[in-house]
Each structure stands twice: as C-alpha cells, then as structure tokens.
Amino acid sequence: MAKENLKDTKIDFAIEGVDLVKVLGMEDELLKSIEKIHPNVSVLVRGNNVSLSGTEAECFVVKKVIDEAITMVKAGQSMNPNDIAVSARMISHEQSPTQMLSQSILSSRGKNIRPKTANQKNYVDAIDQNTIVFGIGPAGTGKTYLAMAKAVQSLQRKEVSRIILTRPAVEAGERLGFLPGTLTDKIDPYLRPLFDALHEMLDPDSIPRLMAAGTIEVAPLAYMRGRTLNDAFIILDEAQNTTPEQMKMFLTRLGFNSKMVVTGDVTQIDLPNGKSGLNVANTILGNVDDLQLCYLDSSDVVRHALVARIVDAYAKFEQKVLAKGRNR
C-alpha cells in the first residue's frame, strides 16, 4: 500500500497484545479506510510491525488513530471503517475517541449502542443531566436512536415506569384519507420508525406484552392533549412538523419524575405554511433552566458515509437559494 509521495517523517511501531485483524480489519479494510482519509500517509504492515511515512502532522494523527483502535479493541469494542473516520475527525479536533466511543448505553443482541461522535456524547450527557432535551440535526445523526436507547435504559433501571413515543401525523406528500384501512392502519406508517428502533433494542416478542400493559405507548401527538405524563420517558420525534401550538401543548404535558427528548430536523419541514414549533422553541427556550438544546450536523451522520455528503450538498444548495432571495 506504499505511495510514491514526498516523505517528511517516518514512524515505526509494533502492534502487540491484541488481534491484528480486529485492529486493521478483514483484508485490511480499516487500514484502507485510514489511507483514504489521509492519502498523504503511506502505511506499510509487515507481521505486527507498522511503518508510517508522510507529512509529520498526518503521520501523528494516523498513529493516534491506530493507538485508539488498539485501545478500543482491548476494551472489547468492535471497530468499523466509520469508527475509523470518526476517530480521525475527533483526533484532528484534539478529542479522545476512546472516551467518546466506549460509553455504552445498551447492549442488545451482541451489539453495543453508544454515542459515536463528540456531539452525540454531549447529547447523551445532556439527557442524563436535564429534564428536557432537544436534539436538532439532519437525518442519520442518531437523534432518535440514541434517545430511544436512553429511554430503554431508564426503563430497565426502573428510573421510569413507562416509555411514551409520539410523532405528529403530518401528511408528507400523501393524504391520510387516501391510505387504506382503519385509523390505526393509517397512522401506522408515521409511527413505524419508532417501532423499528424498539425492535432493535428489545426482545421483539416482549414488545406486544409491554404495549398491552401500557409500559410502552406509541401514539400520534394529538393523543397527548389534556394529559399529564408522570413517571415516564417521553420522546417526541419529527418535531419540525409540529405547529407552535402543538409544541407548547406537548412540553406542558410534562409530569413528575419524567424526562422529555424532542428530536427534529429543521430542514425537513412538511407543514403547509412552514411555521414549525421546533423553530419557535429553538428561538425562545435557549435560556430555560433544566432544558438543553443540542445540535448535530453532517459530521455526526452515522449511516452510510454518502448520507453525510448528501446532507452537505443540500445544505449548500439551500444556502445559495437563501442568498439569491436576499439579493432580490
């Protein structure tokens, strides 16, 4: 994998006390990921000896990335190419990937659910430290998934007695009246992403039993009106599609010994007039005690790497459109 580049420095070291395949990946997939992120560094592996050559700054970062991967593997954490990319980004910002990536929230079917970026860790910490937290950011940044994991964790620790999951049933290109079936059937597509996340975190066979007992409730936002929600972990998803009145109604449902997490993406508003309750809340609630606004961006996308590039492309396009509108 050597490159014919000008070499400023060289670092030689050995990887010991850990399975080399777990650090570098099958067929060196993690190593290839490192080289893709840092194309000016040549990485040569012979046995358990590694040689880095390239610019001093980049060689230092790559060495740090590999060191962090070794630490993670020794701690029993698996690594994938996306984790390598996240580690490299954190190190470039003088953050510790080991501290960020080793904080497990849940272990489900052999899979650890954990924050994977600095912003995600700040978001998870905010949920621990505040009664109401807003997670605002684009698709794929883990807003809902991490909130769901914290909800299940709180239920398992008996910190709350139930989980309430809700979304506004806003028509995004389809009309409810034209969908087949009963009202429940019509609403189901809006709530399906919440069910999908639940099935990843709990035994699927236990979910119907928990729902029948009222331990888990999944319902449209309209069903929250007039209620006081005590001893519950409540998640409002797709909050950008609430009206200001609906957002106020939801937030004032908060009861004793409860937590609320509100998630949304202000770039995906489907409301007819475009006036979002999430935008209003973001403007007026920043200084309220025991409530924290957390922001995620394309650097926090933990889906396919292409998703982050798509998010960035749309953001740039929308900025150009706004700039043209101001110049008219």
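Author: Start with contact, meaning heavy atoms within 4.5 Å. Leaving aside its neighbours within four places in sequence, Thr141 is in contact with Gln120, Leu296, Asp297, Asp300 and Val301. The model is predicted: local features need pLDDT of at least 70, side-chain atom pairs count only at pLDDT 80 or more, and totals for chains, interfaces and linings use all residues. Residues are numbered from 1 along each chain as its sequence is written, and side-chain values use heavy atoms, with hydrogens and water left out.

Reader: Is Thr141 buried or exposed?

Author: Buried means under 20% relative accessible area, exposed over 50%, and partly exposed in between (1.4 Å probe, protein chains only). Thr141 counts as buried because its relative accessibility is 0%. Its side chain reaches the backbone oxygen of Pro138 at 2.8 Å.

Reader: How many salt bridges does the structure hold?

Author: A salt bridge is a side-chain nitrogen of Lys or Arg within 4 Å of a carboxyl oxygen of Asp or Glu. The structure holds seven. One of them joins Arg157 and Glu159, with the closest N and O atoms 3.9 Å apart. Arg157 counts as exposed because its relative accessibility is 53%, while Glu159 is partly exposed at 39%.

Reader: Which residues does the network of salt bridges that share partners join?

Author: The side chains of Arg167 and Asp237 meet at 3.0 Å, N to O, in a salt bridge. These two residues are 70 residues apart and link distant parts of the chain. Both Arg167 and Asp237 are buried. Through shared partners, salt bridges join Arg167, Asp237 and Glu238 into one network.

Conventions
Polar contact = N/O pair within 3.5 Å; in protein donor to acceptor, adjacent residues only side chain to side chain. Helix = DSSP H or I, 4+ residues; strand = E, 2+ residues; numbered from the N terminus.
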